[in-house]
Amino acid sequence: MTESGVAGAIGPFHYPGHGPNAGTGIALCHGFTGSPLSMLPWAEYLADQGFAVDVPLLPGHGTDWQDLARTSWHDWYGAFESSYLALAETTASCFVAGLSMGGAVALRVAARHPVSGVAVVNPGLSFYDRRVRYVGALKHFMRTTAPVEEQEPTATPTDDGDYSRTPLSAVHELKKLFRSSYRSLPAVSAPTLLFASARDSVVPPSSLSMIRRRLGSRDFQVVTLPRSGHVATLDVDAPTILAESSRFFLQHAANRVASESS
């Protein structure tokens, strides 16, 4: 079952669990200026296997850049955290997963709550553009900037709303989210699976280095996606994400049940 809010609008997706995997929940978080549409193939694949899946629409997303400018990183984080907590109440094991900014959000949730595991795709914690270090001041003089775009994207395009401009106030909020998520990494103790695209022109390699250096979990695996760009959930290596994340969720859900019954 899919729930997407008002007809014609981008909304959240919810899939109730069924069969042997009904007791395992997975909360998926989309990225900055994206929407649940970028997570839809992943969500549907997991739902087909019986997992209970939630993909919330973050505030300021799925509409336009003016709406985004009126929100803060606490709004984005709070919406996903609430989604995770609601799903965790109805499942025996609950995981968090995310793409890009959604990966940073998922990691912060994992630092604050007893998640069963974390799966992230090209999680952002740093920027290519060095001007971001001055964005707190720049936002008072320059309201918007052109969005970051990949030169030759191979991912399937989605219509996420009007984000033809990027508000610098939102970039400043994104910077603050990245800083908070980075600081929380040592508190992440859950098994972590990270997918990294070889051709990511949006999130720099320093993000992966930061996670390697700070992550508290001893169970950490990196899977390289050799043919994909940033939005790898919609790109040619998406089948790898689907298969490997499903294996990860099944393995660690079983491990959690076994440890709790022993």
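Residue A119 sits opposite L193 of strand β8. This is a predicted model, in which local features need pLDDT of at least 70 and side-chain atom pairs count only at pLDDT 80 or more, while totals for chains, interfaces and linings use all residues. Residues are numbered from 1 along each chain as its sequence is written, and side-chain values use heavy atoms, with hydrogens and water left out. Helices (H or I, at least four residues) and strands (E, at least two) are DSSP runs, numbered from the N terminus.

Seven strands form an open sheet in the order β1-β3-β2-β4-β5-β8-β9, and the pairing is mixed; two strands count as paired if DSSP finds at least two bridges between them. At the edges lie β1 (13-15) and β9, each of which pairs on one side only. From one strand to the next, the twist averages 15 degrees. In general, strands of a sheet pair through backbone hydrogen bonds, either parallel or antiparallel.

Now for the neighbours within that order. Four bridges hold β4 and β5 together in the parallel sense, with G98 opposite V120 of β5. Strand β5 (residues 118-121) is in turn joined to β8 by four bridges, and these two also run parallel. On to β9 (residues 220-225): six bridges link this strand to β8, again parallel, and T192 has F220 as its bridge partner in β9.

Strand β8 (residues 192-197) is largely enclosed by the rest of the structure, because six of its six residues are buried (buried means under 20% relative accessible area, exposed over 50%, partly exposed in between, with a 1.4 Å probe and protein chains only). T192, L194 and A196 point one way from β8, L193, F195 and S197 point the other way, and all are buried.

Together, β8, helix α7 (residues 206-214) and β9 build a right-handed β-α-β unit; right-handed here means that, with the strands pointing away from the viewer, the path from the first strand over the helix to the second runs clockwise. Helix α7 lies across β8 and β9, at about 165 degrees to β9. Axes are lines fitted to C-alpha atoms, for helices over the stretch in contact, and angles run from 0 to 180 degrees between N-to-C directions.

Helix α3 (residues 73-89) has 17 residues and spans 24 Å from first C-alpha to last, close to the 24 Å expected at 1.5 Å a residue (the expected span is 1.5 Å times one less than the number of residues). Its buried residues are W73, W76, Y77, F80, E81, S83, Y84 and L87. These fall within an arc of 155 degrees seen down the axis, so they line one face of α3; the arc is that of the directions from the helix axis to the C-beta atoms. They pack against β2 (24-29), β3 (52-55), α2 (65-68), β4 (93-99), α4 (101-112) and α6 (168-184), contact being heavy atoms within 4.5 Å. Exposed H74 and E89 sit on the face turned away from the buried side of α3.

In helix α1 (residues 40-48), the residues L40, W42, A43, L46 and A47 are buried. They cover an arc of only 160 degrees around the axis, which puts them on the same side of α1. After α1 comes G50, with a positive phi near 100 degrees.
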